[in-house]
Amino acid sequence: MSDSIFARDSALVSPWRSTVAPNARKEVLQEALIAELRSARAREEAWLREKSELLRRQDMLTEEFEHRLVNSLQIIVSLLSLQSRSAGPEAAAQLTVAAKRVASFGRVHHRLHLLDHQEGVEFKGYLSGLCQDLSDLLFQGETPSPIAVEGVKIDIPAKFAIPLGFIVNEMITNAAKYAKGKIIVRLETSPTLGHSLSVSDDGPGLPAGFDPARSKGLGMKIISSLVRQIDGKLQTTAGESGRGTRCTITFCAPR
């Protein structure tokens with residue numbers, strides 16, 4: 001009698017035990033997973049804090065470099081100006097020109113980095129200021145308006161305007177070596193094709209079959225790299241009336 005009761009009780013208990021064991025293992029796995037997730041989150045938060053600190057230090061170093069560079073340029077301008085006062089007429093004229101060029105270089109440098117901490121910019125206005133500084137630096141008033149900015153006003157993110165500013169700087173610097181007349185910077189936009197930025201000159205033009213992607217020149221390599229940075233497209237053609245060179249960058253910038 002007792003044996004049959006024991007067997008019956010065992011039969012009633014065993015199913016419960018078989019149910020509890022998997023549940024216990026499941027809870028252990030869940031706790032282990034939660035612990036691992038918490039650990040991963042802690043590592044990610046530590047990595048983000050470290051990255052934020054590195055970026056902060058980088059910004060501080062950049063600002064310090066900019067400050068030191070501007071101060072150094074101002075010192076050079078002052079020294080050249082002082083030297084011109086005690087030099088002969090011809091030497092004084094040359095020193096004055098050198099001082100103006102260094103001051104113009106400082107303005108161009110400042111203009112190119114003006115957008116470092118901005119979200120967006122009205123780009124035609126920015127280009128006009130940049131081209132005026134470049135004109136003062138490269139031409140020193142040799143012609144009334146050696147660089148003309150034409151086209152429409154558009155607002156674009158600073159992350160596009162900064163590399164485009166450096167591209168225009170490189171293109172105008174190259175064009176100034178050969179152009180005799182105006183250098184024309186033109187900004188256009190289309191709802192279907194996006195934006196286009198071109199720099200045209202009246203120089204001797206590029207060799208037949210010129211391919212910017214295969215150019216060994218440092219300036220063109222810099223331009224090509226910056227164009228890729230904004231996911232744009234670079235095209236070189238003859239300028240107006242088949243004279244000179246026209247470099248055009250097409251790109252799509254989000255609003």
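**Figure 1. Ile 76 lies in helix 1.** Helices (H or I, at least four residues) and strands (E, at least two) are DSSP runs numbered from the N terminus. The model is predicted: local features need pLDDT of at least 70, side-chain atom pairs count only at pLDDT 80 or more, and totals for chains, interfaces and linings use all residues. Residues are numbered from 1 along each chain as its sequence is written, and side-chain values use heavy atoms, with hydrogens and water left out. Ile 76 counts as partly exposed because its relative accessibility is 38%; buried means under 20% relative accessible area, exposed over 50%, and partly exposed in between (1.4 Å probe, protein chains only).

**Figure 2. A salt bridge joins Glu 45 and Arg 41.** A salt bridge is a side-chain nitrogen of Lys or Arg within 4 Å of a carboxyl oxygen of Asp or Glu. The closest N and O atoms of this pair are 3.3 Å apart. Glu 45 and Arg 41 are four residues apart in helix 1 and therefore separated by about one helical turn. Glu 45 is partly exposed at 35% relative accessibility, whereas Arg 41 is exposed at 55%.

**Figure 3. Arg 107, Arg 111, Asp 133 and Asp 136 are linked in a network of salt bridges.** Within it, the side chains of Arg 111 and Asp 133 meet at 3.2 Å, N to O. This pair links distant parts of the chain, with Arg 111 in helix 2 and Asp 133 in helix 3 (residues 123-138), 22 residues apart. Arg 111 is partly exposed at 24% relative accessibility, while Asp 133 is buried at 5%.

**Figure 4. The largest pocket holds about 420 Å³ of space.** On a 1 Å grid over the protein atoms alone, a pocket is an open set of points where a 1.4 Å probe fits, with protein on both sides within 12 Å along at least five of seven lines; lining residues have an atom within 4 Å of a point. Grid points are joined across faces, edges and corners, and a volume is the space filled by probe spheres set on the points. Helix 5 (218-229) gives the most to the lining, with four residues.

**Figure 5. The second largest pocket has a volume of about 310 Å³.** Helix 1 (2-86) and helix 2 (89-112) each supply at least two lining residues, and helix 1 gives the most, with six. Among the lining residues are His 109, His 110, His 113 and His 117.
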